[in-house]
Amino acid sequence: MSQLRQKQEAARAALEWVEPGSVIGVGTGSTVDAFITALEESRIPVDGAISSSETTTQRLRGIGIDIVDLNYAGDIDVYIDGADEFDPHRRLIKGGGGALTREKIVAEAARTFVCMVDESKRVGVLGAFPLPVEVIPMARSLVARKLVALGGQPIWREGLVTDNGNLVLDVHNLDLVDPVRMERTINDIPGVVCNGLFAIRPANVVLCAGSGGVERIS
Ligand SMILES: O=C[C@H](O)[C@H](O)[C@H](O)COP(=O)(O)O
């Protein structure tokens, strides 16, 4: 089964968490694109969505779903998103598309975080995928030096400006054996807006699509 097909399978499986008449949180990326297509085909009537990026906002509006401001929504039942890596504890690396900060905000507002992935995203220990870190532009070089001191090799994702007007450093070769600790340590560097580790608040459910079908890890 192709990777695209696996993403579509995981996306269809996530529809089980969409309650008719509810407001849902929606992530960003190609797997989320497949989810939005599946949602349209399902005709489940949702009452609106909290979006994690401008790209997702456009896609959702395109299928007639209203975008709700998180400030007026309170907590929501479910957040549905993809990931770049997941480990056996449902901890994630996210941000390959640069949407990590808004994704983390919407995930935090949700009682249940459902993560859709294809088999290629499964790892024993996080860190093969370079860790995205969103930084305030004036702090780019300072934060990069601090990340080197933590053992990483940061590379500036030149040309990308996030939806929040910031920059992204992709950090290679960090030791992520203790991802909760590293998530907190990086968050403490002045100038860091957010990092792509979702370890303090992991996914509640991972839907992993492979050649044998969709595995539900919860
Ligand atoms: O910033 C992007 C997000 O964290 C995505 O959820 C992540 O990069 C996975 O993307 P995709 O579904 O395209 O593999």
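On one side of helix α5, Arg-145, Val-148 and Ala-149 are exposed. This is a predicted model. The other side of the helix reads differently. Val-143, Ala-144, Lys-146 and Leu-147 of α5 (residues 140-149) are buried. These four span an arc of only 165° around the axis, so they sit on the same side of α5.

Strands take part in the cover. Among what covers the buried residues of α5 are β7 (131-135), β8 (153-156), β9 (167-172) and β10 (192-195). Gly-151 follows α5. The phi of Gly-151 is positive, near 100°.

The protein splits into two domains. Domain 1 takes in 3-122 + 200-217. Domain 2 covers 131-195. Their C-alpha centres are 24 Å apart.

The contact involves 13 residues of domain 1 and 13 residues of domain 2. On the domain 1 side, helix α4 (residues 100-108) gives the largest share, with 4 residues. By class, that side of domain 1 holds 4 nonpolar, 5 polar and 4 charged residues.

## The ligand shell

The ligand is surrounded by 17 residues. Closest to the ligand are Gly-29, Thr-31, Gly-82, Gly-96 and Gly-97. By class, the shell has 3 nonpolar, 10 polar and 4 charged residues.

At least two residues of the shell come from α2 (30-42), and at least two from α4. Helix α4 also supplies the largest share of the domain 1 side that touches domain 2, 4 residues.

## Glu-103

UniProt, in an unreviewed entry, lists Glu-103 under "active site". Glu-103 is placed in helix α4.

Is Glu-103 buried or exposed? Around Glu-103, 31 other C-beta atoms lie within 10 Å. The cut-off for a buried residue is 20 or more. Glu-103 is therefore buried.

Which residues is Glu-103 in contact with, leaving aside its neighbours within four places in sequence? They are Gly-27, Thr-28, Ser-52, Asp-81 and Lys-94.

How values were computed
Residues numbered from 1 in each chain as written. Predicted model: local features only at pLDDT ≥ 70, side-chain atom pairs only at ≥ 80, totals over all residues. Domains from an automatic or database assignment. Contact = placed C-beta atoms within 7 Å. Nonpolar A, V, L, I, M, F, W, Y, C, P; charged D, E, K, R; others polar. Buried ≥ 20, exposed ≤ 12 C-beta atoms within 10 Å, placed from the backbone. Arc of directions from axis to C-beta. Near = placed C-beta within 6 Å. UniProt positions renumbered as here; feature names shortened; annotations may be inferred.
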